[in-house]
Number of protein chains: 2
Amino acid sequence: MSVITIERKVLEKNDQVASRNRQLFRDQGIFALNLVSSPGAGKTSLLERSFQELQSSMKIAVIEGDVQTDLDAQRVARYGVPVIQIVTMGGCHLEAGLVEDALGKLNLNGVDLLFIENVGNLVCPAGYDLGEAVKVVILSTTEGDDKPLKYPAMFLNSSVLIVNKVDLMPYVNCDLNVLKGNALRVNPNLKIFETSCFTGAGISEWCEWLRRKDASAK
Amino acid sequence: MSVITIERKVLEKNDQVASRNRQLFRDQGIFALNLVSSPGAGKTSLLERSFQELQSSMKIAVIEGDVQTDLDAQRVARYGVPVIQIVTMGGCHLEAGLVEDALGKLNLNGVDLLFIENVGNLVCPAGYDLGEAVKVVILSTTEGDDKPLKYPAMFLNSSVLIVNKVDLMPYVNCDLNVLKGNALRVNPNLKIFETSCFTGAGISEWCEWLRRKDASAK
């Protein structure tokens, strides 16, 4: 039995569990998002900003994925948002089974939005469906405008691109139009938001989109 | 046969080839470095700065690793530095065998320094020895000071930490002392440099260290 055969079996098993997760989200009217990015692109900061804008009108829950530590779950818990931390102990991506286990520990009653924050990695999480409604890739301007071309799978498999840290544009070598052009070359269907979790720019547009998507998930 | 057994065999095979690469570097007096980081932390920019400082006195060669595109090899080639691009086609890390193949295509005659720029990924390349003398992890200040705790394997397996983009410190939420403290908590033996490829800060110290290490590799 070759490594490739085993990998295919692992992915098939993953997809079966992802389908179960997806059915659960549909049954309960939960809009689930899989947030993927490089380390430090701002996934957790985006969550914090989104809580501030949405918490009064929507019920939110979070599953945190990290190689090590529960630092991100601690940040989320400060907002009173129910959160389960998955520590992968070296694993480079979340899998549907880990998410299914975490769902069993979350009280999903009345939850509108579920954010699944993946391990910080712009390569490996691209291939693993978790059962989410949409995969959202976050790319910070500090990473450079060539990244969609260099890591295409993640941009191809995502429905939404959030270009974060736009407040740092004056200080970094990144052309926003080139970045967006490269992303759309890989995936012409990407919905793109431009945000700064530092200044709050673009957060309203992103949250308005979340509200609309959640309404259509009911 | 389980996935874990196959993974162990893959790593054993990798280590055998890495040993051959290491022997080749020793025989030819080449100081080889494996550069690892998240996407966009500044690996290629660090190479460009190092060329400018070292090229007049040392012979340098480069192996570029990327998931897709030869954009980085093109950047390196502009300096007249011999370079081979490895495109992993989705693969999340370099392996010793890929490096061995690339070495066969490089003219190593008289080469002092060999930079191997790994795929941008702060998780997977940690476990793969390429035969390098030292693994160098580059972390940009924009990624945040908690990253050594969240991605410990890479910091544990590296000998050198380069904290890059220190020019952006005034604009980002990153405490340099906390970052260095976290890194040294994971690996007390880390040699740390603080650099900016934009202003050139810290590049002389880094290049001086490279000169000394190369001299002792002869």
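Modeller: Let's go to Met89(B), which sits in the loop between strand E3 (83–87) and helix H4 (96–103) of chain B; helices (H or I, at least four residues) and strands (E, at least two) are DSSP runs, numbered from the N terminus. This is a predicted model, in which local features need pLDDT of at least 70 and side-chain atom pairs count only at pLDDT 80 or more, while totals for chains, interfaces and linings use all residues. Residues are numbered from 1 along each chain as its sequence is written, chains are lettered from A and ligands numbered from 1 in the order in which they are written, and side-chain values use heavy atoms, leaving out hydrogens and water.

Back to Met89(B): its phi is near 55°, a positive value in a residue other than glycine. Most residues other than glycine have a negative phi. Met89(B) counts as exposed because its relative accessibility is 63%, where exposed means over 50%, buried under 20% and partly exposed in between (1.4 Å probe, protein chains only).

Beyond its neighbours within four places in sequence, Leu190(A) is in contact (heavy atoms within 4.5 Å) with Phe155(A), Ser158(A), Ser159(A), Val160(A), Leu161(A), Ala183(A) and Leu184(A).

Stepping back, chain A has eight helices and seven strands. Of its 218 residues, 56% count as buried. Its C-alpha atoms fill a box of roughly 50 × 45 × 35 Å along the principal axes. Among contacts in chain A between residues at least 6 apart in sequence, 73% join residues at least 24 apart.

Finally, the two chains meet: 33 residues of chain A are in contact with 33 residues of chain B. The area buried between them is about 2700 Å², with 66% given by carbon and sulfur atoms; buried area is the accessible area (1.4 Å probe) that two parts lose on being put together, summed over both. On the chain A side, Pro39(A), Lys150(A) and Tyr171(A) supply 23% of the area buried against chain B, more than any other three residues.
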